[in-house]
Structure formats: C-alpha cells, structure tokens
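Look at the structure below together with its sequence.

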Amino acid sequence: MAGKKILMLAGDFSEEYEIFVFEQAMMAVGHTVDVVCPDRKAGEILKTSLHDFEGDKTYTEKPGHNYTLSKSFSAVKPDKYDAVYIAGGRGPEYIRINKGVQKIVRHFHEADKPIFTICHGVQVLVAVPETIRGKEVAGLEFCEPEVTAVGGIYIDVPPTGPKAAHVDGKLVSAKGWPGLAAFIRECLGVLGTEIHHGKVKGARKPAAKRNGARAGNGARATA
C-alpha cells in the first residue's frame, strides 16, 4: 500500500506531543505529514506547549519544543491530501476563526475523507459545525459544552489505555496526549494501514562457545 498524505493543522502553543509523536509515528509506517499554521511559511518556527495533569482542577502549561514548519499555509491544496489532523493544545482556540482553516476542514468533510482530532482540536471542528453535527466525538472534557452546542455527541473516553480513542465513520478523536497510542492505532486503521508482526530481521544468532570456556562442572570445555 502506498503511503498516505496527511495535513496537520496547528498553531502557536499547540500541544507538542500531539505534533511530534503523531508526525513521527505516521512517518515510521510510510505516511507523509505536512504541518502548517495560518499566516506562517515553511521554515518558520512554531512555538509549542506541554500540557500536563498534576492533580489540579485543570491542566498546567509549560513551554514545549520549537517546531520548524514543513510547508507554507498559503501553499496548501487540500485535494492533494488523504486526511486532515488537528493537534490540540492552545492553537485550536485561535486558528479555528481563520477562514482558510475552516475552508480546509470543510473540504475534508464534503469529500468524505478522514478527519482526526485530539484534545482541544475539536474546537476547530466546532467552528465548522457540520463536521460533527449528529456524530460522536471525543475531546478534552472541558470542550463538551461546545460540542453539544453545535449538535455533536460528546463521548467521554478514558484519558489513556486501549479504549482512549473513538471512531465514528472516518472521524477519529481522543481526549489528549496520554491517549496517543490508541488514537494513532485508530487513525492508522481508518487510513487502511495494516501492520503485521513477524520474525525480527537481522537478529544475531547465539554466539558459539569459545575454546576453553568452563563447563558446568568447573572443568574447561573445548569446541
């Protein structure tokens, strides 16, 4: 199967794990990921953030690693991509009002192509209500009122573990980065990616006993 082309929508202070981990996981199995941000060009820096859960009533936020954008937003042609992915974090709250972002998301919905969203990424879909109206979608629990306000059906998945992602047709969603393993698994499934486990290639054979190695009785054994 030929690799798929995935468009990732992100913004300043989007969640770093949801950018880096998703991108590298997709690339590891042969897919291509272009990360774009409104009003930014290829080669420019995107600042990311790390949101953590440390026993408070809500998440904490820390500076993440900088990400070098791989494509200019103005150069995006949605019809050239097989799926769109919206990273969570702070970015979605402002990129969702960008008309270009809305147009891109609407294209994937109308073309019936896969849409992936995690954490606050669902806020972008809320700005294009038809993408989730009548559909089941997960996200950080604080986004539930926005989802239901536009006619979506909020699904409260576990934050981590094998059931941490939800699939409704070609829409894959999850609560946050602790559930990335399940989320990526379901995204790959929707993309039609099959992974088969076999023997380890290049595994070294057990080393032969050397001359003079001691036998179990303390004597020296010979080859």
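Which residues in α3 are buried? This is a predicted model, and in it V101, Q102, I104, V105 and F108 of α3 are buried. They cover an arc of only 160° around the axis, which puts them on the same side of the helix. An α-helix has 3.6 residues a turn, so residues three or four places apart point the same way. On the other side of α3, K99, K103 and E110 are exposed.

The helix itself covers residues 99-110, which makes 12 residues. From its first C-alpha to its last it reaches 16 Å, close to the 16 Å expected at 1.5 Å a residue. What do the buried residues of α3 pack against? Their partners are the strands β1 (5-9), β8 (83-86) and β9 (115-118), together with the helices α2 (92-95) and α4 (122-126).

Next, consider the ends of α3. The N-terminal end is capped by N98. A side-chain oxygen of N98 lies 2.8 Å from the backbone nitrogen of G100. After the helix comes D112, which has a positive phi, near 55°.

Now step back to the whole chain. It has 6 helices and 13 strands. Its radius of gyration is 22 Å, well over the 17 Å that the globule rule gives for 223 residues, so the chain is more spread out than a compact globule. Along the principal axes, the C-alpha atoms fill a box of roughly 80 × 40 × 35 Å. Of the 223 residues in the chain, 43% are buried. Among contacts with a separation of 6 or more, 64% are between residues 24 or more positions apart. The chain exposes about 11900 Å², and carbon and sulfur atoms supply 53% of this area.

The last stop is E18, in helix α1 (residues 16-28). Is E18 buried or exposed? E18 is buried, because its relative accessible area is 0%, and the cut-off for buried is under 20%. Leaving out residues up to four places away in sequence, E18 touches M8, Y85, A87, G88, G89, I118, C119, G176, W177 and L180. One of these, G89, is 71 residues from E18 along the chain, yet their C-alpha atoms are separated by 8.3 Å.

Methods:
Residues are numbered from 1 along each chain as its sequence is written. This is a predicted model: local features need pLDDT of at least 70, side-chain atom pairs count only at pLDDT 80 or more; totals for chains, interfaces and linings use all residues. Side-chain values use heavy atoms; hydrogens and water are left out. Helices (H or I, at least four residues) and strands (E, at least two) are DSSP runs, numbered from the N terminus. The expected span of a helix is 1.5 Å times one less than its number of residues. Buried means under 20% relative accessible area, exposed over 50%, partly exposed in between (1.4 Å probe, protein chains only). The arc is that of the directions from the helix axis to the C-beta atoms. Contact means heavy atoms within 4.5 Å. A polar contact is a pair of N or O atoms within 3.5 Å; within protein, one must be able to donate a hydrogen and the other to accept it, and residues adjacent in sequence count only if both atoms are side-chain atoms. The radius of gyration is taken over C-alpha atoms; the globule rule is 2.2 Å times the number of residues to the power 0.38. Accessible areas come from the Shrake-Rupley method with a 1.4 Å probe; for residues, only the protein chains shown count as cover.
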